Amino acid sequence: PPSFRLQAGLILREAKELWVTLLILSTVALIRRKGRDDEQYWIRRCQRCYQVIARELELEGCWKIKPLLNGKELMKTLGLDHGPQVGVYNTEQTHWMLLNPSGSLEDLKAYLKDFQKKQELEQDQAAQHISKKMHL
C-alpha cells in the first residue's frame, strides 16, 4: 500500500545505509524479548521485510535521490517567498517522490500546485472560523 511505501521510505531516508543493520538489530531484540522458541519466525519476518523494502518496493538507495525541484525552483514554481513554507513544500515533494518513483517533473509541479491550492483553502477556512468565533 502507498502508506507503507511512504513510511518505509521515510525511515530509510533517515537510516540511510544503516537500515539493514537496524532491521537485523531489531530482529535480534525481538528474539531476545520473545524467546528463542520463535527465533526462526522472526528471522523469516526479517528476511521478508528486507525483500519487500529492497526488491518489491525498490526503496534501496532512496536516501540518495535528489529532489526534482530545489528550493529556488520551488519558490519560482509556486510563487513562494523565502521562509518555512518552502520547507513544507520540499517535504511534500519528498513524500510525492517516494510514492511516485517514476513520476515526471511536470507531474510533480501539477501535484504541488494542487497541494498549494488545498493548503490555501484550508488556511482561508480556518481564518473564517476564527473570525466567526471572535464575532460571537
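A: Start with Glu-56. Its relative accessibility is 47%, so it counts as partly exposed. The reasoning needs one cut-off: partly exposed is the band between buried, under 20%, and exposed, over 50%. Note that this is a predicted model. Glu-56 pairs with Arg-48 through their side chains, and the N to O distance of this salt bridge is 2.6 Å. Arg-48 is also in the partly exposed class, at 41%.

How many salt bridges does the structure hold? The count is three. Arg-36 and Glu-39 form another one, at 2.8 Å from N to O. Here the arginine is exposed: the relative accessible area of Arg-36 is 63%.

Lys-118 and Asp-114 also form a salt bridge, and their closest N and O atoms are 3.4 Å apart. Why are these two about one helical turn apart? Both sit in helix 6, residues 105–134, and four residues separate them, so the spacing comes to about one turn. Lys-118 has a relative accessible area of 47%, which makes it partly exposed. Asp-114 is partly exposed as well, with 36%.

Now the nonpolar surface. Leu-18, Leu-22 and Leu-25 make a patch of about 300 Å². Leu-25 belongs to helix 2, which runs over residues 19–34. Is Leu-25 buried or exposed? It is exposed, because its relative accessible area is 51% and the exposed class begins over 50%.

Helix 2 also carries Thr-27. This residue is buried, with a relative accessible area of 9%. Which residues does Thr-27 touch, not counting those up to four places away in sequence? They are Trp-42, Ile-43 and Cys-46.

Cys-46 is buried, at 12% relative accessible area. Its sulfur lies 7.0 Å from the closest cysteine sulfur, that of Cys-49, so the gap is too far for a bond. The cut-off for a disulfide is a sulfur pair within 2.5 Å. Cys-49 is in no disulfide either, and its nearest cysteine sulfur is that of Cys-46. Cys-49 counts as partly exposed, because its relative accessibility is 27%. The disulfide count for the structure is zero.

The largest nonpolar core has 15 residues. Those that touch the most other members are Leu-12, Trp-19, Ile-53, Leu-59, Cys-62, Trp-63 and Leu-98. Helix 1 (2–15), helix 2 and helix 3 (39–56) are the elements that give two or more residues to this core. Another core lies apart from it, with 12 residues, including Leu-80, Val-86, Met-97 and Leu-112.

Leu-12 is then in contact with Trp-19, Ile-53, Leu-59, Cys-62 and Trp-63.

To trace this on the model, begin at the Arg-48 and Glu-56 pair. Go on to the pair of Arg-36 and Glu-39, then to Lys-118 and Asp-114 in helix 6.

Technical notes:
Residues numbered from 1 in each chain as written. Predicted model: local features only at pLDDT ≥ 70, side-chain atom pairs only at ≥ 80, totals over all residues. Heavy atoms only, no water. Patch = residues over 30% accessible without salt bridge, like charges linked within 9 Å, V, L, I, M, F, W, Y side chains within 5 Å. Areas by Shrake-Rupley, 256 points an atom, 1.4 Å probe, with all protein chains shown as cover. Salt bridge = Lys/Arg side-chain N within 4 Å of Asp/Glu carboxyl O. Buried < 20%, exposed > 50% of the residue type's maximum accessible area, 1.4 Å probe, protein only. Core = buried A, V, L, I, M, F, W, Y, C linked by side-chain atoms within 4.5 Å. Contact = heavy atoms within 4.5 Å.
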